[in-house]
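The sequence and the structure are shown first.

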Amino acid sequence: MTLVRQLLDQAARTPDAVALVSGNGAQLTYGELRRQVLAVRHGLLSAGLEEGDGVLFSVRPSPESLVLALGVVAAGGVVVFADPGAGPEMFTARLRLARPRWSAAESVLYVGSRLRIVRAYARRRGLLLPNLAELQIPGEDPMRHVHVGRRLPGVPRRSVPLAGLLRGDAPEPADDTDPDAPAAVIFTSGTTAAPRAVVHSQASLAAALGLFRGRMPLGPGDVVHTDQLMLGLPTLISGARWSMPPLFCSPADFVRLMRERGATHTFCVPVHLAEILDVAPQLPPSLRYVLLGAAPAPAGILKRATGATSAEVLSVYAMTEILPVAIASADEKIAHTASGAEGDLLGAPLPGVGTRLAGDGELFLSGPNLCRGYLGAEPFKELATGDLARLDDGRIVLTGRKKDMLIRGKFNLYPGLYEPAIAALPGVDEAAIVGVPDPATGDEEVVLAVAGTADPARLRRGLPAVIDHDALPDRIVVLGALPRSGRTRKLDRDRLRDLAARRAGAAG
């Protein structure tokens, strides 16, 4: 059964129940959600969308973006997530690889990418937008457009308004689309010369959603507060209510809305949860599950979270190519670190997820939730993660990233093997180990950067008790916060290396 079919069938069972609450509090019932998805599907097909057509998707999280994306997939199209703010060269390279025939964007984005005065304003703030209205793939017909919001200057004249699609007929589909056909393309790392995009099918996405639901029960009466599609979709398939925070929601408002809407589940990036706990030391009592993901969860944040709620705090290990892989409770992770064991406990692989360790310790993964492969490349049956791991009583323990390894004489230093234990020390909120090249010797100086209130001298005295002697840092730098990047606010090790190099005079 396809992902879209699961949602449509659930909506048909509970048409009067509230499916979604938007950032501004507007409610959408399951019956209306179903009708809108089918109306968008029918309208796109009538407008000429063909099976396999890529739709460049530039719409921020909202009820409208959800309906549009589901309508595209229901029509047999492929949603192509390629951030137009990535820069003109990268965007062009991604466009050349994906070759979408359609573009779906907010009206304001067309304005910002076409009108000279708006483009100049955006450029002064470091945002270089492509001209979406004039996108053209060499050798292809002119790109078709769908705009979200009222028509504004810069929106292509023949662009199809989403509002018009929503008002159209919504006939039942005669047949479902192929569950193994591409449904979503998600660009990840890569250069302008070799951009990389993950291709998921409805089948792989449906398998991923099923794994979330299996580990974290969901059903009617539950309220899931998140802007994350991969948690919002299993919410809807389960008949629960998806509570969307508004764009640019402050930590205080995030908590207020959880409390007002009676949230039972929520998802946060670890650093976002830390900001929430700064303004709300106690989370709403209605919560039963708090999910952390997209970045490693430091012991300090896990301890704060378990002290702030009676809900089960879970840490999700996932990759764009295969999600989720493993889910561990905060209690398990804290106990693992407290035991003196090295590495970051990720938990047991979820049902159906296969694991294999290569000779060098690299983790390979497989399963029904694995993507089809990378766009333009041969499909693969297992994923080389680039993560180094070991298996401890069937549980995955992350020991580092292959690319982050530092060489100190004959000793291979994997930062991920030691960072969790360091982060559990008093006064340390987060820890990261990086190598800073020494221009005089050519060797790498091993720098430990920590966020928190730890005294470097006291920290240095405590390190031999928790990490190997050969992993002891040459220098310790205490920062207010570690640098982060991207929407998921992952640790930016490149920026951290630069910062550590500039802070050479602050050695511990």
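The sections below describe the cores, the aromatic pairs, the cavities and a pocket, and a number of individual residues.

The model is a predicted one. Its largest nonpolar core contains 49 residues, and Leu 3, Leu 33 and Leu 68 have the most contacts inside it. Helix H3, which spans residues 63-74, contributes the largest share of this core, namely eight residues. Apart from this core lies another, made up of 30 residues that include Leu 211, Met 216, Leu 370 and Ile 396.

The surroundings of Leu 68 can be given residue by residue. When neighbours within four places in sequence are set aside, Leu 68 is in contact with Val 40, Phe 57, Val 59, Ala 104, Val 146, Val 148 and Leu 162.

## Aromatic pairs

The model has two aromatic pairs. In one of them, the ring centres of Phe 57 and Phe 81 are 5.7 Å apart and the ring planes stand at 70°, so the arrangement is edge-to-face. Because Phe 57 belongs to strand E3 (residues 54-58) and Phe 81 to strand E4 (residues 78-81), this pair ties together parts that are 24 residues apart in sequence. Phe 57 is buried, at 7% relative accessibility, whereas Phe 81 is partly exposed, with a relative accessible area of 29%.

The pair formed by Tyr 374 and Phe 380 is also edge-to-face, since its ring centres lie 5.4 Å apart and its planes are at 70°. Tyr 374 is buried, with a relative accessible area of 18%; the cut-off for this class is under 20%.

## Cavities and a pocket

How many cavities of 30 Å³ or more does the structure hold? There are three cavities of that size.

| Space | Volume |
|---|---|
| Largest cavity | about 70 Å³ |
| Second largest cavity | about 50 Å³ |
| Second largest pocket | about 430 Å³ |

The lining of the largest cavity consists of Thr 2, Val 4, Arg 5, Leu 8, Leu 38, Arg 41, Ala 74, Pro 173, Asp 175, Asp 176, Thr 177 and Gln 202. Helix H1 (3-13) and helix H2 (30-46) are the elements that give two or more residues to this lining, and H1 provides the largest share, three residues. Divided by class, the lining has five nonpolar, three polar and four charged residues.

Eleven residues line the second largest cavity, and Pro 270, Val 271, Pro 296, Glu 430 and Arg 484 are those nearest its centre. Its lining comprises seven nonpolar, one polar and three charged residues.

The second largest pocket is lined by 25 residues; Ser 22, Pro 61, Ser 62, Pro 63 and Glu 64 lie nearest its centre. At least two lining residues come from each of strand E2 (27-29), H3 and helix H5 (107-114). This lining includes 13 nonpolar, eight polar and four charged residues.

## Two buried residues

Gly 361 is located in the loop between strand E17 (354-357) and strand E18 (362-366). Gly 361 is buried, with a relative accessible area of 15%. Not counting residues up to four places away in sequence, Gly 361 touches Asp 387, Leu 388 and Ala 389. Between Gly 361 and Pro 420 there are 19 Å in space, C-alpha to C-alpha, and the two are 59 residues apart in sequence.

Ser 201 forms part of strand E9 (residues 195-201) and is buried at 5% relative accessibility. Leaving aside neighbours within four places in sequence, the contacts of Ser 201 are Pro 179, Asp 180, Ala 181, Pro 182, Ala 183 and Arg 372.

## Backbone features

Most residues other than glycine have a negative phi, and most peptide bonds are trans.

Leu 323 and Pro 324 are joined by a cis peptide bond with omega of about -15°. Pro 324 is part of strand E15 (residues 322-329).

Arg 99, although not a glycine, has a positive phi of about 50°. Arg 99 is in the loop between helix H4 (88-98) and strand E5 (102-106), and is partly exposed, with a relative accessible area of 34%.

Phe 248 likewise has a positive phi, near 55°, and is a residue other than glycine. Phe 248 sits in the loop between strand E11 (241-243) and helix H10 (251-261). Is Phe 248 buried or exposed? At 78% relative accessibility, Phe 248 is exposed.

Conventions:
Residues are numbered from 1 along each chain as its sequence is written. This is a predicted model: local features need pLDDT of at least 70, side-chain atom pairs count only at pLDDT 80 or more; totals for chains, interfaces and linings use all residues. Side-chain values use heavy atoms; hydrogens and water are left out. A nonpolar core is a set of buried Ala, Val, Leu, Ile, Met, Phe, Trp, Tyr and Cys residues joined through side-chain atoms within 4.5 Å. Buried means under 20% relative accessible area, exposed over 50%, partly exposed in between (1.4 Å probe, protein chains only). Helices (H or I, at least four residues) and strands (E, at least two) are DSSP runs, numbered from the N terminus. Contact means heavy atoms within 4.5 Å. On a 1 Å grid over the protein atoms alone, a cavity is a set of points where a 1.4 Å probe fits but cannot get out, and a pocket is an open set with protein on both sides within 12 Å along at least five of seven lines; lining residues have an atom within 4 Å of a point. Grid points are joined across faces, edges and corners, and a volume is the space filled by probe spheres set on the points. Ala, Val, Leu, Ile, Met, Phe, Trp, Tyr, Cys and Pro count as nonpolar, Asp, Glu, Lys and Arg as charged, and the others, Gly among them, as polar. Rings of Phe, Tyr and Trp (its six-membered ring) pair if their centres lie within 6.5 Å; planes under 30 degrees apart count as stacked, over 60 as edge-to-face and the rest as tilted.
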